[in-house]
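Hi,

Here is the structure I said I would pass on.

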Amino acid sequence: MEKSQKINCTVGSCKFNNTNNDECILKQIVVTPIEDCYTKKADESMCSSYEFEK
């Protein structure tokens with residue numbers, strides 16, 4: 001893994017999303033499991049660092 005990992009994000013409503021290049025501007029994000037979700041797909045987790053852009 002690289003020392004400076006890049007996080008791409010296309011969630012335009014998040015205040016940490018740089019919509020010019022679809023990158024998260026946070027240095028670190030928190031990924032959390034979705035409770036009682038066992039699909040074995042990406043929807044089992046979510047970005048807990050998300051904040052709505054006001």
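Below is what came out of going through the model.

Some ground rules: this is a predicted model, where local features need pLDDT of at least 70, side-chain atom pairs count only at pLDDT 80 or more, and totals for chains, interfaces and linings use all residues. Residues are numbered from 1 along each chain as its sequence is written, and side-chain values use heavy atoms, with hydrogens and water left out.

Overall picture first. The protein has 0 helices and 4 strands, in the order β-β-β-β; helices (H or I, at least four residues) and strands (E, at least two) are DSSP runs, numbered from the N terminus. The C-alpha trace spans about 35 × 35 × 15 Å along its principal axes. Of the 54 residues, 13% are buried (buried is under 20% relative accessible area, exposed over 50%, partly exposed in between, with a 1.4 Å probe and protein chains only).

Now the salt bridges (a side-chain nitrogen of Lys or Arg within 4 Å of a carboxyl oxygen of Asp or Glu). The count comes to 2. One pairs Lys 6 with Glu 23 at 3.6 Å, N to O. Lys 6 sits in the segment before β1 and Glu 23 in strand β2 (residues 23-24), so this pair ties together parts 17 residues apart in sequence. Lys 6 is exposed at 54% relative accessibility, while Glu 23 is partly exposed at 23%.

Glu 51 and Lys 15 make a salt bridge too, with their closest N and O atoms 3.3 Å apart. That pair links distant parts of the chain, 36 residues apart: Glu 51 is in the segment after β4 and Lys 15 in the segment before β1. Both partners are partly exposed, Glu 51 at 38% and Lys 15 at 39%.

And what about Ser 49, buried or exposed? Ser 49 is in the segment after β4 (45-47), and with a relative accessible area of 13% this residue counts as buried. Leaving aside neighbours within four places in sequence, Ser 49 is in contact (heavy atoms within 4.5 Å) with Phe 16, Leu 26, Gln 28, Ile 29 and Val 30.

Last, Val 11 lies in the segment before β1 (17-18) and is partly exposed, at 37% relative accessible area.

Cheers
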